[in-house]
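Subject: Structure for you to look at

Hello,

Here is the structure I promised. Please open it alongside this email and follow along.

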Amino acid sequence: MMKGKKGLIVGIANNKSIAYGIAKAVANQGAELAFTYLNEQLEKRVRPIADEFGSDKVYKLDVNNDDELEALTKSIEKDFGKIDFIVHSVAFAPRAALDGRFIDTSRKAFDIAMQTSVYSLIALSHACESVLNDNGSILTLTYIGGPKYIPHYNVMGVAKAALESSVRYLAVDLGDRGIRVNAISAGPIKTLAASGIGDFRAILKWNETNSPLNKNVTTEEVGNSGMYLLSDLSTAITGEVHYVDAGYNIMGMGAIDKDENGKTVMKWDKIR
Ligand code: 0WD
C-alpha cells in the first residue's frame with residue numbers, strides 16, 4: 001500500500017510511542033521514512049528506531065523552534081526532494097497544569113500547551129508545504145478530552161479542541177492540491193506522555209469497561225488506522241477526526257454486559 005511513498009514521522013520518544021506504531025504500520029507496507037528527535041536524550045532512542053526501519057534520515061526538531069523547522073525543510077529537500085506524508089504526534093503541557101482545577105491554569109502553561117500541541121501542527125504543515133507532494137497526507141493525534149470533559153486533562157483538552165479545529169482549516173487550505181489533513185482520536189495508551197496524566201490507570205480501566213469492544217487500544221491498532229489515513233485508501237477523506245478507541249466515544253451510557261441469552265444488562269458490580 002505504501003510502496004514508493006516517503007514520509008516524515010515527528011513525535012517518537014520510544015518504542016511505546018503512538019508514532020512508533022504508525023511508523024511500523026507504514027514501513028510494513030513499504031514506506032520510506034525520516035524521523036525527528038526533540039533533544040540529545042531522545043536522539044539515543046530515535047536513532048536505533050530509525051535503524052530498525054532501515055532509515056538513516058534522522059533530524060533534530062523542536063517544533064517550537066523556527067530555525068529547526070527551516071533546517072528540517074532543507075534536509076528533506078536534500079535527502080528526498082519531496083515527501084508524501086507527515087505524522088504529527090506531539091503534545092506537551094506543564095505537569096502542574098494537568099492537575100487540580102482547570103480554572104487555575106496559568107497564562108504561561110496555556111501558552112506552552114497551545115504552542116507545542118496545536119501551533120506545532122500549523123508550523124510543521126507550513127514549513128513542509130513546499131516539500132509535500134500533491135495528493136499527500138498529514139496526520140495528527142488527538143484525544144476525546146478535546147470535545148468532552150476528561151478528569152485531569154484540563155488545558156490539554158482545550159489544546160486538543162483547537163488542534164481538531166486546526167485540522168479542518170488546514171484541510172481547506174491544502175485541499176486544492178489534493179493534500180489531506182486528518183486526526184486520529186486514540187483511546188488511552190500507556191506512553192511517556194500519558195504518564196503525565198493523573199489517574200491514568202483508572203482512565204484505562206474506565207475505557208476498557210465502557211467501550212463496546214471491552215478493551216483498550218494498542219499502538220499497532222492506531223498504527224494500522226494511521227496507515228489507512230496516510231495511504232491512497234483514503235483519498236476522499238479530509239478534515240476528519242477518526243476515533244480509534246474501541247468505540248468508547250459512541251457510548252451514551254457504559255458499563256453494560258450481555259447475559260446468557262445475549263440480552264443487554266448493566267455491569268452492576270462495576271458501578272455500585
Ligand atoms: O493515551 C495516549 N497516549 C494518547 C495520546 C491518547 C490520544 C492521543 N494521544 C496523543 C498525544 O496527545 C500526542 O499528541 O498522541 C500524541 C503522541 O503521544 P504519545 O505517543 O502518547 O506520547 P510520547 O511517546 O511521549 O510521544 C510524544 C512526544 C514527546 O515525548 P515526551 O514524552 O518526551 O514529551 O512528542 C515529542 C516528544 O518526543 N515532543 C516534541 N517533539 C518536538 N518538539 C516536543 C517538541 N517541542 N514536545 C514533545
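Helices here are DSSP runs of H or I, at least four residues long, numbered from the N terminus. Keep in mind that this is a predicted model.

**Helix α3**

The length of α3 checks out. Residues 66-80 make 15 residues, and at 1.5 Å a residue they should span 21 Å. The end C-alpha atoms are 21 Å apart, so the two agree.

Which residues of α3 are buried? They are Glu68, Leu69, Leu72, Thr73, Ile76 and Phe80. These cover an arc of only 145° around the axis, which puts them on the same side of α3. The spacing fits a general rule. An α-helix has 3.6 residues a turn, so residues three or four places apart point the same way. On the other side of α3, Asp67, Lys74 and Lys78 are exposed.

What does the buried side pack against? The partners are strands β1 (6-10), β2 (32-37), β3 (58-60) and β4 (83-88), plus α4 (107-128).

**Helix α1**

Helix α1 covers residues 18-28. Eight of its eleven residues are buried, so α1 is largely enclosed by the rest of the structure. The buried ones are Ile18, Ala19, Tyr20, Gly21, Ile22, Ala23, Ala25 and Val26. Gly30 follows α1, and its phi is also positive, near 100°.

**The ligand**

How many residues surround the ligand? There are 28, and the closest are Ser17, Ile18, Lys160, Ile189 and Thr191. Ile18 is also one of the buried residues of α1.

- Gly11: a backbone N or O atom lies 3.4 Å from a ligand oxygen.
- Asp62: a polar side-chain atom lies 2.9 Å from a ligand nitrogen.
- Val63: a polar backbone atom is 2.9 Å from a ligand nitrogen.

On its own, the ligand has 870 Å² of accessible area, and the protein covers 91% of that.

**Asn207**

Asn207 lies in helix α6, residues 200-210. Is Asn207 buried or exposed? Its relative accessible area is 5%, and buried means under 20%, so Asn207 is buried. Leaving aside neighbours within four places in sequence, Asn207 is in contact with Pro188, Lys215, Asn216 and Tyr248.

Best wishes

Conventions: Residues are numbered from 1 along each chain as its sequence is written. This is a predicted model: local features need pLDDT of at least 70, side-chain atom pairs count only at pLDDT 80 or more; totals for chains, interfaces and linings use all residues. Side-chain values use heavy atoms; hydrogens and water are left out. Helices (H or I, at least four residues) and strands (E, at least two) are DSSP runs, numbered from the N terminus. The expected span of a helix is 1.5 Å times one less than its number of residues. Buried means under 20% relative accessible area, exposed over 50%, partly exposed in between (1.4 Å probe, protein chains only). The arc is that of the directions from the helix axis to the C-beta atoms. Contact means heavy atoms within 4.5 Å. A residue is near a molecule or strand if one of its heavy atoms lies within 4 Å of it. A polar contact is a pair of N or O atoms within 3.5 Å; within protein, one must be able to donate a hydrogen and the other to accept it, and residues adjacent in sequence count only if both atoms are side-chain atoms. Accessible areas come from the Shrake-Rupley method with a 1.4 Å probe; for residues, only the protein chains shown count as cover.
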